[in-house]
Amino acid sequence: MKQVILLGAGGFALEVLDNIDAINRLTGEDIRPIGFIYDGAEPDKGKLLHDTDIPVLGDLSCLRNYDLEHIQLVSAIGRPAWRRKMVEKAKQMGAKFTSIIHPSVTISNRAKIGEGAVLMKYVNVQSGTVIGDFFAADDFAGLGHNMIVGDFVHMGPRVGTEGGAVIGNDVFVGIRATILACKIGDGAVIGACALVNKDVPPNVTARGIPARHYAMKEKKY
Ligand SMILES: CC(C)(COP(=O)(O)OP(=O)(O)OC[C@H]1O[C@@H](n2cnc3c(N)ncnc32)[C@H](O)[C@@H]1OP(=O)(O)O)[C@@H](O)C(=O)NCCC(=O)NCCS
C-alpha cells in the first residue's frame with residue numbers, strides 16, 4: 001500500500017484521482033490518497049471533497065504533521081505557474097513526489113521523463129524525447145520523437161506534437177492543439193485546437209489556425 005497526498009484539489013485533481021483508481025484496478029497496485037492540500041485550505045479542513053471520502057488536510061503547513069519519508073505527494077494542479085509555485089514550496093518542506101502513470105501510457109525506451117509526472121490514458125512519448133520535471137499530459141496526448149520539453153509543462157487531451165518540437169518551461173497547451181516542429185517559449189499558452197506552425201515567443205497566448213500570437217491579458221494558466 002502506498003499512501004499519497006494530492007497537492008491541489010480542483011478539476012485536475014479529480015482527473016488524477018480517476019487515474020489512481022484506474023491504476024489500482026488495472027495493475028493491482030494499492031495507491032491510497034489520504035487527503036488534499038491546497039493554498040487557503042485551512043477553513044475547509046476535514047471536509048470531504050468531490051463526493052469522495054478523501055478529506056482536506058489543510059494548506060502546505062500541515063505537511064509538518066506527516067512522515068514525508070513514507071508518504072509521497074502527487075502534483076495535481078493543472079496550471080503550470082501555480083503547480084511550480086506549490087511544488088517548489090512543498091519540496092522546501094521536505095516533500096517527495098511520485099509519478100502517476102496510467103498503464104495504457106507508452107513511453108519509448110529511448111525517451112526520458114523527469115520526476116512528478118502525471119500521465120493520463122493513452123499518452124504516447126516517442127523515441128529520443130526528453131521531458132523535464134512535473135510534466136502533466138491528459139488523455140491521448142502524443143509527443144513526437146526527439147522533442148525537448150521543459151519543466152512544469154501541461155498538455156490537454158489529444159494534443160499532437162511533431163517530432164523535433166521544443167517546448168519551454170511552464171507552457172500550457174490546450175485541448176487538441178497541434179504543434180509542428182517549432183520552439184515554444186517559456187510561460188506561453190497555446191489555445192485549444194490551435195495549429196502552431198511557427199515559433200512562439202515566451203509568455204504570449206497563441207491561438208487559431210494557423211496560430212497567431214497575442215499578449216496575455218492575465219496569467220490564467
Ligand atoms: C486561448 C485561451 C487561452 C484564452 O485566451 P484569452 O487571451 O484569455 O482569450 P479570451 O477568452 O479573452 O478570448 C479572446 C478572443 O479569443 C477567442 N478565442 C478564445 N479561445 C480561442 C481558441 N482556443 N482558439 C481561437 N480563438 C479563441 C475568443 O473567441 C475571443 O475572440 P474575439 O476577440 O473575437 O471575441 C483559451 O480560450 C483556451 O483555448 N484555453 C485552453 C483551455 C484548455 O484547453 N484546457 C484544457 C483543460 S485540460
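Phe-12, Ala-13, Val-16, Leu-17, Asn-19 and Ile-20 are the buried residues of helix 1, where buried denotes 20 or more other C-beta atoms within 10 Å of a residue's own, exposed 12 or fewer, and partly exposed a count in between, with C-beta atoms placed from the backbone. These residues lie on the same side of helix 1, because the arc they cover around the axis is only 160 degrees; the arc is taken over the directions from the helix axis to the C-beta atoms. The structure is a predicted model, in which local features need pLDDT of at least 70 and side-chain atom pairs count only at pLDDT 80 or more, whereas totals for chains, interfaces and linings use all residues. Residue numbers start from 1 along each chain as its sequence is written. Helices (H or I, at least four residues) and strands (E, at least two) are DSSP runs numbered from the N terminus.

**Helix 1**

- Helix 1 comprises 17 residues, 11-27, and its first and last C-alpha atoms are 24 Å apart, close to the expected 24 Å at 1.5 Å a residue; the expected span is 1.5 Å times one less than the number of residues.
- The exposed residues Gly-11, Asp-18, Asp-21, Arg-25 and Leu-26 are carried on the face turned away from the buried side of helix 1.
- The cover over the buried residues of helix 1 includes strand 1 (2-7), strand 2 (31-37), strand 4 (72-75), strand 5 (100-101) and strand 8 (118-119); contact requires C-beta atoms, placed from the backbone, within 7 Å.
- Gly-28 follows helix 1 and has a positive phi, near 80 degrees.

**Gln-72 in strand 4**

- Gln-72 is located in strand 4, and it counts as partly exposed because it has 17 C-beta neighbours inside 10 Å.
- Leaving aside residues up to four places away in sequence, Gln-72 touches Val-4, Lys-96, Phe-97 and Thr-98.
- A distance of 20 Å separates the C-alpha atoms of Gln-72 and Lys-45, which are 27 residues apart along the chain.

- Five strands form an open sheet in the order 7-10-13-16-19, with parallel pairing; two strands pair if DSSP finds at least two bridges between them.
- Strand 7 (112-113) and strand 19 (183-184) are at the edges, and each has a single partner strand, so one side of each has no neighbour in the sheet.
- Strand 16 (residues 166-167) runs parallel to strand 19 and is joined to it by 2 bridges.
- Within this pairing, Val-166 is opposite Lys-183 in strand 19.

**Strands 20, 22 and 23**

- Strand 20 (residues 189-190) and strand 22 (residues 204-207) run parallel and are joined by 2 bridges, with Val-189 opposite Thr-205 in strand 22.
- Strand 22 also pairs with strand 23 (residues 212-215), in the antiparallel sense and over 4 bridges; here Ala-206 is opposite His-213 in strand 23.
- The hairpin of strand 22 and strand 23 has 4 residues between the strands, and Gly-208 adopts a positive phi near 100 degrees in it.
- The peptide bond between Ile-209 and Pro-210 is cis, with omega about -15 degrees, and Pro-210 belongs to the loop between strand 22 and strand 23.
- Asn-203 has a positive phi of about 55 degrees although it is not a glycine, and it is placed in the loop between strand 21 (195-196) and strand 22.
- Asn-203 counts as partly exposed because 16 C-beta neighbours lie inside 10 Å.

**The loop between strand 2 and strand 3**

- Gly-46 is in the loop between strand 2 and strand 3 (56-58), and its 9 C-beta neighbours inside 10 Å are why it counts as exposed.
- Gly-46 touches Pro-55 and Val-56, when residues up to four places away in sequence are not counted.
- His-50 counts as exposed because it has 12 C-beta neighbours inside 10 Å.

**Ligand surroundings**

- The ligand is surrounded by 14 residues, of which Gly-156, Gly-174, Ile-175, Gly-191 and Ala-192 are the closest; a residue is near a molecule or strand if its C-beta atom, placed from the backbone, lies within 6 Å of it.
- The shell around the ligand consists of 5 nonpolar, 5 polar and 4 charged residues.
- In this classification Ala, Val, Leu, Ile, Met, Phe, Trp, Tyr, Cys and Pro count as nonpolar, Asp, Glu, Lys and Arg as charged, and the others, Gly among them, as polar.

Definitions and conventions
Contact = placed C-beta atoms within 7 Å.
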